[in-house]
Each structure stands twice: as structure tokens, then as C-alpha cells.
Amino acid sequence: YNGLKKIPTEVTLELAFSKLGTEGEYNLFFNNCEHFVTDIRFNTKVSKQINRIRTITILALFIGLLIK
């Protein structure tokens, strides 16, 4: 998470406890555990794992279109 400014640990813990049970339904692509952690640690919901999956999927689809 290069370039993202960390929220102080004490604040991160407070945010984590305050958000437990209030984050809505789990969603693999838009609201997973990595999103939760980056939200309370960096104040932005991001998932590098999901971003990689999206990139690979788009690339695979593009290559598939080229091969046809």
C-alpha cells in the first residue's frame, strides 16, 4: 500500500471496534476483509487481490478476443 498514509494505531483500533457489525454485507469484490482493513488503516477501501483478479480477467478476455 505504497503511497497511502497510515492512520495511527490507536485510531485504527478505535475505528475497527466502532465499525464491527456495521459494515453491511460481505461482498468478495466490493466489501471483503481486505477492504475493511485498508479502510481502518489507510482511510480508503482497497483490495490489491481483487484488483489483480480484475486485471488478469480483463487481460484474459482481451487476449481471447485477439485469438478469435
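1. A nonpolar patch on the surface is formed by Tyr26, Leu28, Phe29, Phe30 and Ile53, whose accessible area together is about 550 Å². Patches consist of residues with over 30% relative accessible area and no salt bridge, with like charges joined within 9 Å and nonpolar side chains (Val, Leu, Ile, Met, Phe, Trp, Tyr) joined within 5 Å. A salt bridge is a side-chain nitrogen of Lys or Arg within 4 Å of a carboxyl oxygen of Asp or Glu, and accessible areas come from the Shrake-Rupley method with a 1.4 Å probe, only the protein chains shown counting as cover for residues.

2. The model is a predicted one: local features need pLDDT of at least 70, side-chain atom pairs count only at pLDDT 80 or more, and totals for chains, interfaces and linings use all residues. Residues are numbered from 1 along each chain as its sequence is written, and side-chain values use heavy atoms, with hydrogens and water left out.

3. Leu28, a member of the patch, is found in the loop between α1 and α2. Helices are DSSP runs (H or I, at least four residues), numbered from the N terminus. Leu28 counts as partly exposed because its relative accessibility is 43%; buried means under 20% relative accessible area, exposed over 50%, and partly exposed in between (1.4 Å probe, protein chains only).

4. Asn32 is found in the loop between α1 and α2 as well, but with 7% relative accessibility it counts as buried. Asn32 caps the N-terminal end of α2, with a side-chain oxygen 2.8 Å from the backbone nitrogen of Glu34. The side chain of Asn32 also reaches the backbone nitrogen of His35 at 3.0 Å. Neighbours within four places in sequence aside, Asn32 is in contact (heavy atoms within 4.5 Å) with Tyr26, Asn27, Ser47 and Ile50.

5. Why is helix α2 (residues 33-42) described as largely enclosed by the rest of the structure? Seven of its ten residues are buried: Glu34, His35, Phe36, Thr38, Asp39, Ile40 and Phe42. These buried residues pack against α1 (9-19) and α3 (48-67). Asn43, which follows α2, has a positive phi near 65°.

6. In α1, the buried residues are Thr12, Ala16 and Lys19. Seen down the helix axis, they fall within an arc of 80°, so they line one face of α1; the arc is that of the directions from the helix axis to the C-beta atoms. The buried residues of α1 pack against α2, whereas the face turned away from the buried side carries the exposed residues Glu10, Glu14 and Phe17. Just after α1, Gly21 takes a positive phi of about 80°.

How values were computed: Helices (H or I, at least four residues) and strands (E, at least two) are DSSP runs, numbered from the N terminus. A polar contact is a pair of N or O atoms within 3.5 Å; within protein, one must be able to donate a hydrogen and the other to accept it, and residues adjacent in sequence count only if both atoms are side-chain atoms.
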